[in-house]
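Subject: Structure handover

Hello,

Here is the structure you will be working with. Please open it beside this email and follow along; the notes come after it.

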Amino acid sequence: LRDGERTLAVRDGVTVAVVGPPNAGKSSLVNALAARPAAIVSETAGTTRDVLEVRLQLRGYEVRVFDTAGLRADVDDAIEAEGIRRARDLCRDADLVC
């Protein structure tokens with residue numbers, strides 16, 4: 001991070017976007033990091049349709065972890081397509097994408 005971005009990250013928290021294809025384990029990872037069932041986990045593809053934020057404190061710093069809809073190209077469902085659009089937008093704005 002550049003100096004100005006580093007200052008904002010310390011003040012506002014580092015943003016981490018957890019992205020990947022459907023059923024890759026994104027929600028399970030977010031739940032493990034949160035140490036609680038923050039996100040619904042299912043074998044059904046497309047369960048996560050919106051961006052879910054979990055705030056963590058790591059060594060005194062705020063980390064904002066975002067669970068996202070699974071990224072895929074062919075989607076017939078308008079709600080899932082909106083979730084994918086929001087996930088892509090978050091990827092552009094996040095400090096870290098994993």
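The model is predicted, so local features need pLDDT of at least 70 and side-chain atom pairs count only at pLDDT 80 or more, while totals for chains, interfaces and linings use all residues. Residues are numbered from 1 along each chain as its sequence is written, and side-chain values use heavy atoms, with hydrogens and water left out.

The sheet

Four strands form an open sheet in the order β2-β3-β1-β4, with mixed pairing. Strands are DSSP runs of E with at least two residues, and helices are runs of H or I with at least four, both numbered from the N terminus; two strands pair if DSSP finds at least two bridges between them. At the edges stand β2 (52-58) and β4 (96-97), each with a single partner strand, so one side of each has no neighbour in the sheet. Strand β1 (residues 14-18) runs parallel to β3, and five bridges join the two. In this pair, V14 stands opposite V63 of β3.

D67 belongs to strand β3 (residues 61-67). Buried means under 20% relative accessible area, exposed over 50%, and partly exposed in between (1.4 Å probe, protein chains only).

The side chain of D67 does make a polar contact of 2.5 Å with that of S27. A polar contact is a pair of N or O atoms within 3.5 Å; within protein, one must be able to donate a hydrogen and the other to accept it, and residues adjacent in sequence count only if both atoms are side-chain atoms. The side chain of S27 also has a polar contact with the side chain of T48, at 3.0 Å. T48 sits in the loop between α2 (26-34) and β2 and is buried, at 17% relative accessibility.

The cysteines

There are zero disulfides, a disulfide being a pair of cysteine sulfur atoms within 2.5 Å. The sulfur of C98 is 9.7 Å from the closest cysteine sulfur, in C91, which is too far for a bond. C91 is partly exposed at 24% relative accessibility, and C98 is partly exposed at 43%.

Regards
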